[in-house]
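Here are my notes on the model, point by point. Please read them with the structure open.

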Amino acid sequence: MEKRVTFNERWLPYLLVAPQIVITLVFFFWPSGQAIWQSLLIEDAFGGNSKFVWFDNFINLFNDDSYYSSARVTVVFSFLVAAIGLGLSLFLAVMADRVIRGATAYKTFLIWPYAVAPAVAGVLWGFLFNPSVGIVAWMLQAIGIEFNYVINGNQALLLVVIASVWNQISYNFLFFLAGLQSIPKSLIEAAAIDGAGPGRRFWDIIFPLLSPVGFFLLVVNIIYAFFGTFGVVASLTQGGPANATEILVFKVYNDGFRGQDLGGSSAQSVILMIVVILLTFVQFRFIERRVHY
Amino acid sequence: MVENRPLLTLLSHFVMLIGVIVIAFPVWMTFVASTHDQQTMLQSPIPLLPGRYLFDNYMQVLTQGFGRGFGGAPLWVTLMNSTIMALGVAIGKIAISIISAFAIVYFRFPFRMWFFWAIFITLMLPVEVRIVPTYGVVASLGMLDSYSGLIIPLIASATATFLFRQFFLSVPDELTEAARVDGASPMRFFWDILLPMSRTSIAALFVIQFIYGWNQYLWPLLITTKADFYTVVMTVSRQANVVDSVPSWNLLMAMAMLAMVPPVLVVIFMQRLFVRGLVETEK
């Protein structure tokens with residue numbers, strides 16, 4: 001879409017885009033280019049010397065078991081975050097949509113977790129499940145479940161999933177609720193007159209009409225689980241125990257800043273960039289289509 | 001309501017109530033923990049109701065931080081830094097995006113689409129993906145341990161530019177024509193007509209970006225080494241990782257409360273703008 005009426009100025013438009021373009025070049029294109037360049041170099045451990053090695057960093061990565069295990073953790077983690085997060089928030093949104101009185105109040109009580117930083121969310125949930133003082137860990141122990149996320153990898157992953165879902169639930173809830181409220185009431189009334197009960201109406205009418213929103217949220221949640229949850233992991237587990245919660249984006253940080261393996265870390269960055277670009281394309285294709293509805 | 005099923009409505013209320021309680025529970029426990037003394041917080045099970053040390057705990061973290069000898073900053077410093085960073089990111093993003101969107105929509109000039117695509121691409125790569133090289137760039141520009149280093153690398157964003165572009169495209173051409181007939185310069189048109197019309201969009205975007213800036217974790221963690229520039233979120237997380245060696249849960253939880261109260265209040269009191277901003281930035 002273009003404007004029919006525009007201004008004629010020679011230099012002004014360049015002046016206006018300049019701040020954003022300069023910042024984008026310096027803090028976006030330059031570092032991204034460097035990531036790609038560095039992924040082709042090996043720097044020796046004492047710094048200074050670096051050697052151009054073509055794709056050795058990538059080849060090393062693909063021969064590295066720890067990379068595969070990190071990728072596996074990321075896939076399991078993202079799947080759980082997206083599935084549990086979408087399921088729960090859809091359920092809550094359907095319930096909120098049903099009640100007329102109080103719906104706004106419920107909304108207020110459900111949207112605020114969005115404002116809590118992922119890193120702080122990690123701290124809150126770590127406190128609840130802390131093996132020595134956590135109240136939930138204590139309750140679990142009372143019913144005979146030993147919960148210690150500091151040493152048990154699966155429990156650590158579960159806890160990171162719970163904290164991440166909690167942090168993202170408001171976002172999903174808001175979009176699902178908006179989607180539900182935009183479904184024409186006449187459709188639902190017509191189905192009710194034809195004798196369809198609430199369950200039938202949900203699966204045959206509401207659910208299909210909600211699927212565009214659901215698909216959009218799925219992509220957003222996967223991107224969130226891949227990148228947005230860095231703070232949760234950093235506060236809760238630092239990728240441990242024994243790398244059980246080391247998602248890919250945390251491994252980039254771990255290898256680059258703690259391990260000082262710049263080449264390997266940059267190669268991982270490049271792979272992640274490709275993943276985000278693919279996900280963004282999927283999302284945009286879908287939004288293009290949604291416009292035609 | 002399509003039909004009247006009191007039982008189902010009751011069930012819905014019940015489910016919502018459970019949901020609200022479960023979601024609020026972590027914050028309730030955090031608040032409770034921040035009102036007891038250290039001794040109480042080390043005995044399991046910890047209490048479920050608030051204690052008497054609210055004032056003491058909050059005073060201590062605000063003025064002294066986690067305690068002497070732990071390299072932390074008093075929390076009022078970190079809160080101030082977070083406020084500066086959040087305001088800087090929100091205002092900076094809005095300022096540079098609105099003028100570049102104005103240029104791209106209201107002018108025809110060579111390389112216009114190049115600029116558009118250059119901005120568009122930034123939509124794709126979150127900071128987390130390119131942390132190591134971005135750190136290198138900021139370090140070589142001498143921007144470590146400074147407010148400009150905290151703010152400027154985060155303000156290039158395609159979402160805000162797109163939001164304004166979308167909005168400007170919906171502004172009727174008649175307004176532009178009228179302004180031109182009356183002999184208004186482009187900047188005059190921008191200040192007197194476009195900017196006042198964008199008020200709500202700006203406010204909605206401000207709410208979202210303030211929260212985004214306040215909640216940054218990785219970026220401040222990387223580029224600050226002096227306690228004077230620590231932000232509150234990174235301080236809480238950093239302290240949480242050593243809490244088992246210095247078990248002052250009451251203080252840590254008071255810090256966590258202070259880290260989340262400002263953005264949560266913003267969301268609750270500006271709910272309408274927040275929801276609008278969230279939906280609009282995703283278009």
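1. Start with a helix pair in chain B. Helix α10 (residues 199–214) of chain B packs with α13(B) at an angle of about 165°, and the axes are 10 Å apart. Axes here are lines fitted to C-alpha atoms, for helices over the stretch in contact, with angles from 0 to 180 degrees between N-to-C directions. The pair therefore counts as roughly antiparallel (under 35 degrees is roughly parallel, over 145 roughly antiparallel, 65 to 115 roughly perpendicular, the rest oblique). The crossing of α10(B) and α13(B) is left-handed, meaning that the near helix is turned anticlockwise from the far one by less than a right angle; clockwise would be right-handed.

2. Which residues of α10(B) and α13(B) make the contact? From α10(B) come B:Val207, B:Phe210, B:Ile211 and B:Trp214; from α13(B) come B:Pro262, B:Pro263 and B:Val266. Contact means C-beta atoms, placed from the backbone, within 7 Å. By class, the residues of this contact are seven nonpolar, no polar and no charged. Nonpolar covers Ala, Val, Leu, Ile, Met, Phe, Trp, Tyr, Cys and Pro; charged covers Asp, Glu, Lys and Arg; the others, Gly among them, are polar.

3. A word on provenance. This is a predicted model: local features need pLDDT of at least 70, side-chain atom pairs count only at pLDDT 80 or more, and totals for chains, interfaces and linings use all residues. Residues are numbered from 1 along each chain as its sequence is written, while chains are lettered from A and ligands numbered from 1 in the order in which they are written.

4. Now the contact between the chains. Chain B supplies 84 residues and chain A supplies 85 residues. On the side of chain B that touches chain A, helix α1 (residues 6–33) of chain B gives the most, with 14 residues. That side of chain B has 61 nonpolar, 17 polar and six charged residues.

5. Chain A overall. It has 12 helices and two strands. These are DSSP runs numbered from the N terminus: helices are H or I with at least four residues, strands E with at least two. Buried residues make up 43% of the 293 residues in chain A. Buried means 20 or more other C-beta atoms within 10 Å of a residue's own, exposed 12 or fewer, partly exposed in between; C-beta atoms are placed from the backbone. Among contacts in chain A between residues at least 6 apart in sequence, 70% join residues at least 24 apart.

6. Helix α4 (residues 103–111) of chain A. Its buried residues are A:Tyr106, A:Leu110 and A:Ile111. They fall within an arc of 120° seen down the axis of α4(A), so they line one face of the helix. The arc is that of the directions from the helix axis to the C-beta atoms. On the other side of α4(A), A:Thr104 and A:Thr108 are exposed. The buried residues of α4(A) pack against α3 (65–98) and α7 (153–181) of chain A, and also against α1, α13 (249–269) and α14 (271–281) of chain B.

7. Helix α11 (residues 248–258) of chain A. Eight of its 11 residues are buried, so α11(A) is largely enclosed by the rest of the structure. Among them are A:Lys251 and A:Asp255. Just after α11(A), A:Gln260 takes a positive phi of about 55°.

8. Last, A:Leu88, in helix α3 of chain A. A:Leu88 is partly exposed, with 18 other C-beta atoms within 10 Å. Not counting residues up to four places away in sequence, A:Leu88 touches A:Val165 and A:Ile169.

Terms used:
Contact = placed C-beta atoms within 7 Å.
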